[in-house]
Amino acid sequence: MKLIIINGPNLNLLGTREPDTYGDQSFEDYFSKLQFQFRDAELSHFQSNIEGELIDELQKADKEFDGIILNAAAYTHTSIGIGDAVKAIATPVVEVHISNTYSREKFRHKSFISPNAKGVILGFGLQSYDLAIASFIKQ
């Protein structure tokens with residue numbers, strides 16, 4: 001099983017950004033734990049603060065991976081382009097959020113990704129990624 005995690009804007013700041021909401025661990029440190037925990041899967045990750053780069057990576061991943069775990073961050077609520085990219089590709093996408101977006105500002109309650117995602121996992125902190133990976137492995 002070959003999976004990629006695609007992270008959007010400001011997720012490169014995990015560990016220092018709003019630790020009450022996002023925790024105090026960097027994504028790189030957590031990713032190492034994921035690779036150890038899911039040794040039978042080939043895991044990759046990509047992060048960008050740029051919407052077009054996320055779309056390019058989704059399109060590229062469609063040909064290279066069995067599944068995509070997407071945390072588009074704030075673009076979830078604003079990017080019709082990312083939503084359209086998820087709809088256009090054949091590879092299943094699980095939408096992930098570290099925080100419970102429904103317990104936050106009202107504008108975070110709308111997702112342009114969810115209608116075309118295999119599933120949505122939110123509010124479990126970084127463990128949301130574990131759950132998304134498990135959803136592909138335990139099919």
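Me: Let's start with Ser99: does it count as buried or exposed?

Reply: Ser99 counts as buried, because its relative accessibility is 9% and the cut-off for buried is under 20%. Keep in mind that this is a predicted model.

Me: Where is Ser99 found?

Reply: Ser99 sits in the loop between strand S4 (93-97) and strand S5 (119-122).

Me: Which residues does the UniProt "binding site" annotation cover?

Reply: According to the unreviewed UniProt entry, "binding site" covers Asn71, His77, Asp84, Ile98, Ser99 and Arg108.

Me: Pick Asp84 then. Which helix is Asp84 in, and how does Asp84 count for accessibility?

Reply: Asp84 lies in helix H4, which is residues 80-88. With 47% relative accessibility, Asp84 counts as partly exposed.

Me: And where does UniProt place the "active site" feature?

Reply: The unreviewed entry puts "active site" at Tyr22 and His97.

Me: Tell me about His97. Which strand is it in, and is it buried or exposed?

Reply: His97 is part of strand S4. At 6% relative accessibility, His97 counts as buried.

Me: What does His97 touch?

Reply: Leaving aside residues up to four places away in sequence, His97 touches Asn71, Ala73, Thr76, Ile121, Leu122, Gly123 and Ser128.

Me: Let's zoom out. How many helices and strands does the chain have?

Reply: There are five helices and five strands in the chain. Starting at the N terminus, the elements run β-α-α-β-α-β-α-β-β-α.

Me: What share of the chain is buried?

Reply: Of the 139 residues in the chain, 47% are buried. The chain exposes about 7,100 Å², and carbon and sulfur atoms supply 50% of that.

Me: On to strand S1. Why is S1 described as largely enclosed?

Reply: Strand S1 covers residues 2-7, and five of its six residues are buried, so S1 is largely enclosed by the rest of the structure.

Me: Which strands does S1 pair with?

Reply: S1 pairs with strand S2 (residues 42-47) in the parallel sense over six bridges. S1 also pairs in the parallel sense with strand S3 (residues 67-71), over five bridges. To find these in the viewer, look for Asn7 opposite Gln47 in S2, and for Leu3, whose bridge partner in S3 is Gly67.

Me: Now the helices. Which residues of H3 are buried?

Reply: In H3, Leu54, Ile55, Glu57, Leu58 and Ala61 are buried. Seen down the axis of H3, the buried residues fall within an arc of 160°, so they line one face of the helix.

Me: Why would residues a few places apart line up like that?

Reply: An α-helix has 3.6 residues a turn, so residues three or four places apart point the same way.

Me: What covers the buried residues of H3?

Reply: The cover includes S1, S2, S3 and H4.

Me: How far apart are the end C-alpha atoms of H3?

Reply: They are 20 Å apart, and at 1.5 Å a residue the 14 residues of H3 (residues 51-64) should span 20 Å, so the two agree.

Me: Last one: which residues are buried in H2?

Reply: In helix H2 (residues 27-37), the buried residues are Phe27, Tyr30, Phe31 and Leu34. They cover an arc of only 105° around the axis, which puts them on the same side of H2. Their cover includes S1, S2 and helix H5 (127-137).

Key. Residues numbered from 1 in each chain as written. Predicted model: local features only at pLDDT ≥ 70, side-chain atom pairs only at ≥ 80, totals over all residues. Heavy atoms only, no water. Buried < 20%, exposed > 50% of the residue type's maximum accessible area, 1.4 Å probe, protein only. Helix = DSSP H or I, 4+ residues; strand = E, 2+ residues; numbered from the N terminus. Pairing = 2+ DSSP bridges. Areas by Shrake-Rupley, 256 points an atom, 1.4 Å probe, with all protein chains shown as cover. UniProt positions renumbered as here; feature names shortened; annotations may be inferred. Expected span 1.5 Å × (residues − 1). Arc of directions from axis to C-beta. Contact = heavy atoms within 4.5 Å.
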